[in-house]
2 protein chains.
Amino acid sequence: MKKIINPDKKQWLSLCERPAEDIEDLSKSVQQIFQEIKQNGDEAVAKYTEIFDEVRLDNTEVSEGEIAKAVNEVAEELKEAIALAKQNIEKFHASQKLTKEVIETSQGVLCWQETRPIEKIGIYIPGGTAPLFSTVLMLAVPAKIAGCKEIVLCTPPNKEGKINPAILYTANLIGIDKIYKIGGIQAIGAMTIGTEIVPKVYKIFGPGNQYVTAAKQQAMLEGIAIDMPAGPSELLVLADDTANPVFVASDLLSQAEHGADSQVICIVNDEKLMYQVEREVEKQIRVLPRKGVAEKSIKNSKLILIEDKQDTIDFINEYAPEHFILAVKEEGFYLENLVNAGSVFIGNYTPESAGDYASGTNHTLPTNGYARSYSGVNLDTFSKKITFQKINEEGIKNIGAAIEVMAAAEGLQAHKNAVTLRLENLGKE
Amino acid sequence: MKKIINPDKKQWLSLCERPAEDIEDLSKSVQQIFQEIKQNGDEAVAKYTEIFDEVRLDNTEVSEGEIAKAVNEVAEELKEAIALAKQNIEKFHASQKLTKEVIETSQGVLCWQETRPIEKIGIYIPGGTAPLFSTVLMLAVPAKIAGCKEIVLCTPPNKEGKINPAILYTANLIGIDKIYKIGGIQAIGAMTIGTEIVPKVYKIFGPGNQYVTAAKQQAMLEGIAIDMPAGPSELLVLADDTANPVFVASDLLSQAEHGADSQVICIVNDEKLMYQVEREVEKQIRVLPRKGVAEKSIKNSKLILIEDKQDTIDFINEYAPEHFILAVKEEGFYLENLVNAGSVFIGNYTPESAGDYASGTNHTLPTNGYARSYSGVNLDTFSKKITFQKINEEGIKNIGAAIEVMAAAEGLQAHKNAVTLRLENLGKE
């Protein structure tokens, strides 16, 4: 780990920088694949599945038989764990429902907001070595609570044309009945455009590699909303002498094992702790199955000593971490002054992996500094708010003149007329 | 107006289509201007202001003197109208504050959301014939309530290098102290990149023409959030025999005067009303100052007769109108079944122009069918939600095993370790 002691504020910007991703411009390939899906529908999808996933599939839709088989294959212990996680995610996201509140802004002028689900949504779950059934929970559970009517899930097949049973089990448990064995650009394209087999959706959710990210950007240009921009995962731990260096190291490593590009930062206020954490990381990393990945990530990670409290929180806000573990005595000061973060884990017994799986909060969070302007996925991400207003005779008398004056000042006479004609009509009564 | 009677459902898709905008691909020009701003800062901004706005400005920042002059120039009557509108917008948006609610998802596992402002935001106000001071209210008032610390406003100067006094007056009234005489692509570029004069922001708000829209797309690719995708304004009116054809016509025309590309749809359940509305539109349009614009828009507008109630609401949801006026007896049925709309205006005395200026709701709303997946601007648009979790010893004992099982099933051993080490430590005690 790189050790930095009381960095000068001039250094902060470079310390907060994420590694420049060497992103290929994939827009041409994405546009080509989208164009072919527009022309040839499912045949184009099958073509690219054959190219990228090396399997020819005649039907991309997962059958009831396949689901029944998956349900059998998942161990009982995992089923129970998923059930607990699901319950906690449900409780927390259900609590986020908006309560309708009618506001009388002027007498006779009632205004309120109501929430409605986004009717058709698409969820993308990446393939690869880790079967991300936890992400199925994090996206499909709030979608169901929001009331989304049509939930489509795409995930790439392996070379045998199969999907990991834990993904199928979880999707089925939540009640997703449209699961397709499609991955990458062609999956995002199919959900953006719609084919005979795959329904077109209004918003697409889920993580993915640079191909998926580029395809989601294209989807946006074609009028489909997306959850948020993507980037490598990150963790910032703030620890003092009340923290346990063993726990801190384990948290840093849980982030580091995600990928070589994972961002890991640990801020301490004490040099002794700095070395304790470093030693613990070196010790724990040895036995990890994903040691190779974690080592690369840890090599780029930073152990920073900052003594001043205000400087510390200023730095954290400047960095805007996706995950922020707060293991210090004076947590109140940091909670009060925190502005930019995705999700916060407070105290020695709140590891980041709790939020990844089972505390109830969502694990789809803004990376790459996007916490400055984006929320993580929450119930709102699956719905939209409609405003309503109901004005009675008294109300239009109260605010009509103001509207007339403002509309006239903006040169919009017909806007003014819509009020004038109503006021005249009331005058006649 | 085009009259359509009981259209077949096969026709709906084409009736719901917005006119295909013939959008030039402006990305090359936008990238060029952004690149020059990165290299030459304010000098590049000045160069493009000279090219597009035909005025050379040495300093783009609006001075206190200019604001004092504007305050003098705005008529007292307009000031009072703006004060009333401001008060209603404040009341409604202040009511949207999130109340923190701590949820115990499992015993010892506390989860909650808190809202934090987006610290730095940019507001773009277009120039042209209509000085949109109402949009200053709609964007800056909620930004202040959300607690945004730095609010930057850009608006193009006229050929004399001046800005409409009503815009300056309103911005100053709300407390925006960073106002710049910069328009179009170079304004969005300056706020995206930051120059010596113009601060870099995290999110950009506001309407604009196709140049501004293309620049906001580029801003997104460079990591800056935007309010929502843009498109021509639209209104759908649903009226029955309890509606007043004079009012309905005035509302249709208030939409039509926005621009030749404005979308106007009126649905009735009765042929007689159809002709009454048409006659009233023809009568009222004659005296409008913006008659030319309104006539073009009305020519493309649609008067649709649908008799069946369920078909009617299905059609409205399919269309997903930005503005929806509901002037019918059985309003309850439509309110209950409405899924897709930006803002709804209920009853005979609730003209759309009330929401444009002074009812209190926001007038920055999703157009072009985006109401299927986007909310209009509201307090949330200026802030983000952070999730928090605090787990105690009992809590980690309750959910720890589930996390271990799930992490192992996803092949993430270090995630599991972070829990195992904590549980072991508790076992020791």
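Author: Buried means under 20% relative accessible area, exposed means over 50%, and partly exposed lies in between (1.4 Å probe, protein chains only). By that rule, 61% of the 429 residues in chain A are buried. This is a predicted model, in which local features need pLDDT of at least 70 and side-chain atom pairs count only at pLDDT 80 or more, while totals for chains, interfaces and linings use all residues. Residues are numbered from 1 along each chain as its sequence is written, chains are lettered from A in the order in which they are written, and side-chain values use heavy atoms, with hydrogens and water left out.

Chain A has 17 helices and 14 strands; these are DSSP runs numbered from the N terminus, helices being H or I with at least four residues and strands E with at least two. An automatic or database domain assignment divides chain A into domain 1 (24-100 + 117-226), domain 2 (231-375) and domain 3 (392-428).

The part to look at is a negative surface patch formed by A:Asp241, A:Asp270, A:Glu271, A:Glu307 and A:Asp308. Asp and Glu count as negative, and the charge is placed at CG of Asp or CD of Glu. Accessible areas come from the Shrake-Rupley method with a 1.4 Å probe.

A:Glu307 counts as exposed because its relative accessibility is 53%.

Conventions: Patch = residues over 30% accessible without salt bridge, like charges linked within 9 Å, V, L, I, M, F, W, Y side chains within 5 Å. Salt bridge = Lys/Arg side-chain N within 4 Å of Asp/Glu carboxyl O.
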